Amino acid sequence: MKKQFIFLLCCCWMLSLQAQDALNMSLLSNWDGNSISTAGVFYNDIWGYVDDCGNEYAIIGSPTKVHFIDVTNPNTPVFKGEFAGGATTIWRDMKTYDRYTYAVADQGSEGLMIFDMSALPDGSITKIYQENSVFTKAHNIYIDVPNARLYVVGSSSNLIVYSLANPANPTVIANTGLPGGYVHDIFVKNNIAYCSHGYNGLYVYDCTNPSNPVLQANINTGAYNHSSWLTEDGNYLIYAEEVPDGRPLGLIDMAGVGSNDLNIASTFSFPLLAPNHTGVTYHNPFIVDNYAIVSSYWDGVIIIDLSNPANPQKVAHYDTTPNNTDYPAIDGCWGVYPFFPSGNIIASDTFEGLFVLSSSINLTSECSDGAQSPFESGVDCGGFCKPCNNTCAPPTCDDGIQNQGEEAIDCGGTNCAPCIQGCTNPDAHNYNANAQIDNGSCETCDDGILNGDEVAVDCGGAKCAACIPGCTNPNAHNYNANAQIDDGSCETCDDGVLNGDEVAVDCGGTKCTPCNEGCTDPNAHNYDPSAIVDDGSCETCNDGILNGDEVAVDCGGTKCVACIQGCMNPNAHNYNANAQVDDGSCETCDDGALNGDETDVDCGGNLCAACPTCNDGIQNQGETGIDCGGPC
């Protein structure tokens, strides 16, 4: 929705830049690189950072990310990077210490994020830390620079304090409740915490021992005490009340802080739409010299001269959202950062993004006054100034650092020789020792491809681990899932060998097809050439059974030897004990013929009964009596 609105008004907005509502301030540039909103908000808070070389950066929050913009050249902002924390939130808060940015969000469970900016100006920004076990969300953070302490509020009713002795890995040194309850915003100077407790007012605590804060004073300012900032001399504190709409700014006289006797010295408001509309809401105030620089939602940035605390005067303003005709809600200029050594001011607008502004008001920078100010960790360094222990060096094409627009270390860009592209991984097969930019061509021992002098995929050769030999056929009986190279040992269902759990050669068991059963004897009458396992059913010429096409038991037919023919009657004269088929040739004692060794027809000889005689003294052969009757 926002981007459509900007598209429709783009030409008019650009042509009217110089005609916008401004006093003693002018626009240098605008950056609007985020397209994700929540509840109509595209941007939230803003902070600044100065690197070793004095380059200036804007750090601006959006619903899903923290964005880093180089504003060293205020007329041409340069996007440096952005990081998502995991949540979608209306509010983010960021602060810097040494070479690190600390960030929280008041929705979701991002916890504390830390970004390392030590590689700037020309290197990358890196998120090095994100932890949410101490707290998941918070509304505001502040860093007491000289004491290296990070204060976290708005996560619960407790005040959480970290030591930044190791700024990349902070440690919790306090997690305690406060008499004023929930803290919406906090300002700390020399261990003294100025806490905005919402409707409970402003409370001042001595946090020298952060686990045991000592209440020094408190005052109810009449509405929702949202945020505050102490004047440089410590005599006054400016506060903003966000709820209800249209509350003025106020100055508290801090003279009686030690005796819990705080008084409001003055309240003041400077709505740009007055006298028709006066309900401007002030959000976040900051102090430089005797000036308050305030983000004022629909009225943009205003600068107020506090030289006379009883009668502050507006001396400059710049409206970041000039198209409003009244004060419908708390949108527009959310945050402002006025502490750059250059004197430039950056501001965030919920719709329009980052504004880089200049002012004709001389806002003296603490970073060049030759003394260690309360917000510095050294003389003119640390805090709002560039880090102490300056490591800045003029960027060159042979300094061993990626800078000056170089694409890689000392190459590429507009000033240095083109970079050599190739494989920069020294463990790769095709490592190019001269390559400065990796072109993604590396052939390695874990790329899943057979390359280089590998014997198999990602193993063997001069660079990779030795290959594991074995059977690589997953269908084999002895498959080895770890084997990378086949050693020819596979035992399969078609190798012509009985192996594995095969029942017969290449059949049966858990891997092979079932075996065909039948008679496997090719000489048998019922031989089955498709049978692999013999089922004992073979009918042969020596099984003692008349089967197949045998003429007799185990002889004759197409498979067996011819049968021996002869007389098979063991009582016959010509009995043939070897005969298998009776040929009808038997000569017997009752065939009515004289044969064999018969002495007469069917009598006499070795096999037949003796032939009858009439004088043998025996009744035989038809005799009716001994040797009488019949033929006798």
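View 1. A residue counts as exposed when over 50% of its relative area is accessible, and as buried when under 20% is. In this predicted model, Gly536 has a relative accessibility of 64%, so Gly536 counts as exposed. Look for Gly536 in the loop that joins strand E35 (533-534) to strand E36 (565-566).

**View 2. Gly536 and His283.** Here we follow a pair of residues set 253 positions apart along the chain, Gly536 and His283. Their C-alpha atoms are separated by 102 Å.

**View 3. The whole protein chain.** Stepping back, you will find 1 helix and 37 strands in the protein chain. The radius of gyration is 55 Å, whereas the globule rule gives 26 Å for 632 residues, so the protein chain is more spread out than a compact globule. Along the principal axes, the C-alpha atoms fill a box of roughly 190 × 60 × 55 Å.

View 4. Of the 632 residues, 47% count as buried. The accessible surface of the protein chain is about 28100 Å², and carbon and sulfur atoms supply 50% of that. Among contacts with a separation of 6 or more, 41% link residues 24 or more positions apart.

**View 5. Charges.** The protein chain carries 17 positive and 80 negative charges.

**View 6. Confidence, and residues 1-20.** The pLDDT of the protein chain averages 91, with 96% of the residues scoring at least 70. Over residues 1-20, pLDDT stays under 50. For that stretch, the model has 21 contacts beyond four places in sequence.

Definitions and conventions: Residues numbered from 1 in each chain as written. Predicted model: local features only at pLDDT ≥ 70, side-chain atom pairs only at ≥ 80, totals over all residues. Heavy atoms only, no water. Helix = DSSP H or I, 4+ residues; strand = E, 2+ residues; numbered from the N terminus. Rg over C-alpha atoms; globule rule 2.2 N^0.38 Å. Buried < 20%, exposed > 50% of the residue type's maximum accessible area, 1.4 Å probe, protein only. Contact = heavy atoms within 4.5 Å. Areas by Shrake-Rupley, 256 points an atom, 1.4 Å probe, with all protein chains shown as cover. Lys, Arg positive; Asp, Glu negative; His and termini not counted. Charge placed at Lys NZ, Arg CZ, Asp CG, Glu CD. pLDDT = per-residue confidence, 0-100.
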